[in-house]
Amino acid sequence: MGKRRSRGITIFGWIFIIFSILGLLDFGRRPGLLNDFWLIYSFLTAALNLVAGIFILRLREWARRLVIIVRILAIINTVTSWLSALHWAQTKEFTPVTLYLSFFFYIVWSVVVIFFFTRPQVREQFVKVVK
């Protein structure tokens, strides 16, 4: 008998796929807006999320782990970007509230994804079935 995935796994898998495709389609359309590091980082995270989304739907354990690793890296990246933006805002006497809010929601999204994919009920769906 084949493994069945929960509705939550299906929803997250499709969210990863859809937004990764949108990110990849938009990749490189804004020359000069992002430096080389951010272009490479954006491309890699979109590509990794696309692969993870596809294989999350197939209940591959390595894809579940990949999602968690990418989200941890996203949190680290967001915190460093947030600190950089905070420093920039103080030097310019400007408070980019929308930027801070987007950082906050991105961190919350990452924490929700990590929490979801580390729950025991979700993890057991990815356990290999020995035949």
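Let me start with helix α4, which has 22 residues and reaches 32 Å from its first C-alpha to its last, close to the 32 Å expected at 1.5 Å a residue, where the expected span of a helix is 1.5 Å times one less than its number of residues. When I say helix, I mean a DSSP run of H or I with at least four residues, while a strand is a run of E with at least two, and both are numbered from the N terminus. Please keep in mind that this is a predicted model, in which local features need pLDDT of at least 70 and side-chain atom pairs count only at pLDDT 80 or more, whereas totals for chains, interfaces and linings use all residues. Residues are numbered from 1 along each chain as its sequence is written, and side-chain values use heavy atoms, with hydrogens and water left out.

Staying with α4, the residues that are buried in this helix are Tyr100, Phe103, Ile107, Ser110, Val113, Ile114, Phe116 and Phe117; buried here means under 20% relative accessible area, exposed means over 50%, and partly exposed is in between, with a 1.4 Å probe and protein chains only. Ser110 is a polar residue name to pick out of that list, and at 0% relative accessibility Ser110 counts as buried. Which residues does Ser110 contact, leaving aside its neighbours within four places in sequence? They are Arg71, Ala74 and Ile75, with contact meaning heavy atoms within 4.5 Å.

Phe116 and Phe117, both of them buried, form an aromatic pair that is edge-to-face, at 5.0 Å centre to centre and with 85° between the planes. The rule is that rings of Phe, Tyr and Trp (its six-membered ring) pair if their centres lie within 6.5 Å, and that planes under 30 degrees apart count as stacked, over 60 as edge-to-face and the rest as tilted. By this rule the count comes to 10 aromatic pairs, and one aromatic cluster is formed by Phe12, Phe16, Trp109, Phe116, Phe117 and Phe126.

Phe117 and Phe126 turn up again in the largest nonpolar core, which has 16 residues, and in which Ile9, Ile56, Val67, Phe117 and Phe126 touch the most other members. Such a core is a set of buried Ala, Val, Leu, Ile, Met, Phe, Trp, Tyr and Cys residues joined through side-chain atoms within 4.5 Å. At least two residues of this core come from each of α1 (7–26), α2 (36–57), α3 (61–92) and α4 (97–118), and the largest share, five residues, comes from α3. If we take Ile56 and leave aside its neighbours within four places in sequence, its contacts are Ile9, Gly13, Ala63, Arg64, Val67, Phe117 and Phe126.

Ile56 belongs to the buried set of α2, which also includes Tyr41, Asn49 and Leu57. The 22 residues of α2 should span 32 Å at 1.5 Å a residue, and its end C-alpha atoms are 32 Å apart, which agrees. Asn49 is buried, with a relative accessible area of 9%, and, beyond its neighbours within four places in sequence, Asn49 is in contact with Phe16, Ser20, Val70 and Arg71. Asn49 and Gly13 are 36 residues apart in sequence, yet 9.1 Å apart in space, C-alpha to C-alpha.

Another asparagine, Asn77, lies in helix α3 and counts as buried because its relative accessibility is 14%. Its side chain makes a polar contact with the side chain of Tyr41 at 3.3 Å; a polar contact is a pair of N or O atoms within 3.5 Å, and within protein one must be able to donate a hydrogen and the other to accept it, while residues adjacent in sequence count only if both atoms are side-chain atoms.

Most residues other than glycine have a negative phi. Leu59 counts as buried, at 4% relative accessibility.

Among contacts between residues at least 6 apart in sequence, 70% join residues at least 24 apart.
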